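Here is a short briefing on one protein model.

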Amino acid sequence: SSRDGAKNDQLRNNNTSVATNDYVVQKGDSLYGIAKKTGCSEKQIQSLNKLNGNKIKVGQIVKVTASK
């Protein structure tokens with residue numbers, strides 16, 4: 001439907017074709033730590049995963065920008 005198409009366009013515009021990788025949260029990880037490990041900023045991780053705060057759980061899969 002046209003409604004789904006609009007949603008896809010909006011997502012495409014927000015992420016402007018950013019290549020991502022999945023990262024599995026490990027015990028002791030924080031957004032800051034994941035950002036340092038992956039070269040992705042904390043803000044990017046929050047945006048890619050629609051996170052409102054810094055809460056993540058062990059085993060959670062978060063998207064990070066793919067390193068080049």
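The points below are grouped by topic.

This is a predicted model, so local features need pLDDT of at least 70, side-chain atom pairs count only at pLDDT 80 or more, and totals for chains, interfaces and linings use all residues. Residues are numbered from 1 along each chain as its sequence is written, and side-chain values use heavy atoms, with hydrogens and water left out.

**Nonpolar core**
- The largest nonpolar core has 11 residues, among them Tyr23, Cys40, Ile45 and Val64.
- Such a core is a set of buried Ala, Val, Leu, Ile, Met, Phe, Trp, Tyr and Cys residues joined through side-chain atoms within 4.5 Å.
- α2 (31–38) and β2 (61–65) each supply at least two residues of this core.
- α2 gives the most, with three residues.
- Helices (H or I, at least four residues) and strands (E, at least two) are DSSP runs, numbered from the N terminus.

**Helix α2**
- Leu31, Ile34, Ala35 and Thr38 are buried in α2 (under 20% relative accessible area; exposed is over 50%; 1.4 Å probe, protein chains only).
- These residues lie on the same side of α2, because they cover an arc of only 100° around the axis (taken from the directions from the helix axis to the C-beta atoms).
- Lys36 and Lys37 are exposed on the other side of α2.
- Gly39 follows α2 and has a positive phi, near 80°.

**Gln46**
- Gln46 lies in helix α3 (residues 42–48).
- Gln46 counts as buried because its relative accessibility is 16%.
- Leaving out residues up to four places away in sequence, Gln46 touches Leu31, Leu51, Gly53 and Asn54 (heavy atoms within 4.5 Å).
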